[in-house]
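This report sets out selected features of one protein structure. The sequence and the model are shown first, and the discussion follows.

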Amino acid sequence: MKKRSGLPDRLAALREAMDAARGRIDSDVEAGIDAILARVDGRLAFSGDVTIVALAGATGSGKSSLFNAVSGTTLAEPGVRRPTTAAAMAAVFGEDQSELLDWLEVPRRHLVTGAGDLSGLILLDLPDHDSTQQSHREIVDRLVELVDQFVWVVDPQKYADAALHDRYLKPLAAHADVMVVALNQIDRVAEAHRPGMIADLRRLLDSEGLADARLIAVSAATGEGLSDLRAELVTLIKGKQTAARRLSGDVTGAMESLAPQLGDAAADAVPKKRAAHLNHTLAVAAGVPVVVEAVKKSWRLRGGIATGWPVVAWLARFRPDPLRALHLDVTSTKKSTAIEPGRVNRTSVPVAHGVAKARVDSAVRALATETSEGLPRGWQDAVLAAARSEETLLTDHLDRAIATTDLATDRGNGWWTVVRVLQWLVLLTTLVGAGWLLVNFVLVSYLALPALPVPKVGNVGLPTVLALGGVGAGILVALLSRVGVEVGARSHAARAERELTRAIGQVTSRYVIRPVDAQLQRRDRAREALKRLR
Ligand SMILES: Nc1nc2c(ncn2[C@@H]2O[C@H](COP(=O)(O)OP(=O)(O)OP(=O)(O)O)[C@@H](O)[C@H]2O)c(=O)[nH]1
Ligand SMILES: [Mg+2]
């Protein structure tokens with residue numbers, strides 16, 4: 001038996017599950033559960049010490065007669081012409097409960113004083129559920145949702161009536177433990193046939209999930225079984241748990257309708273592999289490989305200009321810098337400081353347009369689809385919407401990530417200056433040697449003057465050594481530098497790739513992965529809450 005004290009916890013859990021699942025589940029289910037929550041709140045506002053029991057059933061089954069028999073009054077008017085009872089009527093045993101009856105919208109009330117052990121009972125006589133009158137059915141349907149306990153009154157002719165079983169009994173199976181089925185007019189059945197009929201009805205109820213429902217054979221006419229029915233009611237009133245049990249049943253019903261809306265698949269976060277795959281796709285679409293290649297080429301070009309033989313290097317100046325062509329500055333110092341968003345110039349990596357944008361969008365969609373696979377439709381939609389929440393700006397974010405990443409293009413090249421000085425010294429040496437030779441040539445050949453003195457280094461004259469040695473040294477330094485520049489180009493390209501990928505990863509995490517995770521966590525929260533409810 002469910003404890004009354006458990007109801008507030010279960011209710012809180014249901015509310016929590018609904019808060020998390022709202023907008024992501026079938027709207028009919030959502031409305032149904034909201035109605036249950038409102039109803040439960042409504043009933044809880046009133047005393048749980050009062051037990052509301054409704055006599056419900058087909059026309060002529062004897063509800064009004066049983067109402068009179070149980071209450072020991074002649075308040076209800078059993079009739080020959082059907083249907084007789086057009087509005088619900090209440091017999092209130094003990095203290096007045098007008099507010100509760102207002103909430104139930106039961107207009108006709110009778111206070112039964114000196115109620116004895118039935119004190120605390122509100123007995124309702126309902127109109128016929130199978131009425132030709134629409135208003136009767138509406139009253140029944142409304143009150144069936146609100147009362148604490150039902151006594152379904154059936155008669156020997158119509159106890160298996162499909163309308164009653166399909167429309168009321170089966171859907172109320174969650175409330176079987178607060179249900180009594182009274183097989184009335186048992187006096188009309190021959191003694192010999194009674195056990196068989198009772199067993200037949202019992203089997204029917206059991207097959208409908210109503211094994212917990214009590215079945216009592218009664219006769220309003222002869223009073224047979226009435227003491228059993230009364231005793232059942234007294235037990236319920238004394239237990240003071242009927243309202244809580246019914247409400248608990250409501251909560252269970254709500255839970256059962258909510259559970260399939262949450263799905264079984266375990267998916268509480270975007271799997272690392274999927275996120276990594278998205279990062280890779282977006283990095284390519286955002287032009288990371290292009291930038292990395294440009295970093296490498298730019299380094300080679302600038303390194304060549306700085307460390308090459310000055311004449312060749314001077315010519316290389318006229319080649320365009322590949323990084324500049326992408327509108328990525330080759331000097332990175334200012335990028336390492338914080339940058340105001342909006343003031344960063346767009347790169348010309350063409351991520352925001354055309355094919356690249358389409359690729360970004362479809363990768364984001366693929367991640368959403370794969371991640372939400374196996375989830376109910378509402379959650380798939382929510383995951384997709386979350387993944388695409390920044391879709392229009394995503395390419396801008398990616399572009400900015402690239403524009404603001406420090407490519408370190410002016411670090412690690414201090415040695416270029418040393419080499420450059422060396423190259424100029426070497427060039428100077430070459431020019432001195434060549435000039436010396438030229439002067440001597442002019443002096444001797446044209447002016448017939450004595451040549452300048454030429455000191456010997458070994459067998460060769462110093463000017464020749466200076467000129468040839470200078471050329472040779474220049475070439476050697478250029479070749480060695482080229483090796484150094486290439487090493488730098490590669491390590492800077494690798495570093496740029498790392499940093500750019502990291503920056504792209506931050507964008508995808510913030511604008512795609514985290515919003516998706518938030519949806520998945522919502523669902524997880526709802527599922528956890530339901531688990532507590534069970
Ligand atoms: N023999 C016999 N007749 C009964 C019994 N209970 C009720 N009746 C008769 O059956 C007829 C219908 O009884 P009601 O109590 O008016 O039935 P009801 O379920 O209230 O009918 P509606 O108000 O029309 O839905 C009346 O003529 C009663 O006298 C019973 O246990 N035995
Ligand atoms: Mg009646």
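## Salt bridges

In this predicted model, Asp41 is partly exposed, because its relative accessible area is 35%. Asp41 forms a salt bridge with Arg15, and the closest N and O atoms are 2.8 Å apart. The pair links distant parts of the chain, since Arg15 belongs to helix H1 (residues 6-21) and Asp41 to helix H2 (residues 27-44), 26 residues apart. Arg15 also counts as partly exposed, at 31% relative accessibility. The count of salt bridges comes to 30.

A salt bridge also joins Arg39 to Glu145, with 2.7 Å between the closest N and O atoms. Here helix H2, which holds Arg39, is linked to helix H5 (residues 134-146), which holds Glu145; the two residues are 106 residues apart. Arg39 is buried, at 14% relative accessibility, whereas Glu145 is partly exposed, with a relative accessible area of 34%.

Asp177 and Arg245 meet through their side chains in a salt bridge of 3.6 Å, N to O. Asp177 is placed in the loop between helix H6 (162-169) and strand E6 (179-183), and Arg245 in helix H9 (residues 242-262), so this pair ties together parts that are 68 residues apart in sequence. Asp177 counts as partly exposed at 22% relative accessibility, and Arg245 as buried at 13%. Salt bridges that share partners join Arg39, Glu145, Arg246 and Asp250 into one network.

Ser64 is in helix H3 (residues 63-71) and Thr85 is in the loop between H3 and strand E2 (89-93), so the pair ties together parts that are 21 residues apart in sequence. Ser64 counts as buried, at 8% relative accessibility. Thr85 counts as buried at 12%.

## Cavity and pocket

One cavity of 30 Å³ or more is counted. The largest cavity holds about 40 Å³ of space. Its lining residues are Ala58, Ser61, His129, Val153, Val154, Asp155, Lys158, Asp161 and Leu164.

The volume of the largest pocket is about 500 Å³. It is lined by 22 residues, of which Arg300, Gly304, Ile305, Val312 and Arg482 are the closest to its centre. Helix H11 (288-307), helix H12 (310-316) and helix H18 (462-533) are the elements that give two or more residues to this lining.

Helix H18 also contains Ser509, which is partly exposed with a relative accessible area of 24%. The C-alpha atoms of Ser509 and Ala276 are 10.0 Å apart in space, while the residues are 233 residues apart in sequence.

## Nonpolar surface patch

Leu438, Phe441, Val442, Tyr446, Leu447 and Leu449 make a nonpolar surface patch of about 630 Å². Leu449 is located in the loop between helix H17 (415-445) and strand E8 (456-457). With a relative accessible area of 43%, Leu449 is partly exposed.

## Positive phi angles

Glu105, a residue other than glycine, has a positive phi value near 60 degrees. Glu105 is in the loop between helix H4 (98-104) and strand E3 (108-112), and counts as exposed at 51% relative accessibility.

Ala408 likewise has a positive phi, near 55 degrees, and lies in the loop between helix H16 (391-404) and H17. Ala408 counts as buried, because its relative accessibility is 2%.

Technical notes:
Residues numbered from 1 in each chain as written. Chains lettered and ligands numbered in written order. Predicted model: local features only at pLDDT ≥ 70, side-chain atom pairs only at ≥ 80, totals over all residues. Heavy atoms only, no water. Helix = DSSP H or I, 4+ residues; strand = E, 2+ residues; numbered from the N terminus. Buried < 20%, exposed > 50% of the residue type's maximum accessible area, 1.4 Å probe, protein only. Patch = residues over 30% accessible without salt bridge, like charges linked within 9 Å, V, L, I, M, F, W, Y side chains within 5 Å. Areas by Shrake-Rupley, 256 points an atom, 1.4 Å probe, with all protein chains shown as cover. Salt bridge = Lys/Arg side-chain N within 4 Å of Asp/Glu carboxyl O. 1 Å grid on protein atoms, 1.4 Å probe; cavity = no way out; pocket = protein on both sides within 12 Å on 5 of 7 lines; lining within 4 Å. Points joined across faces, edges and corners; volume = space filled by probe spheres on them.
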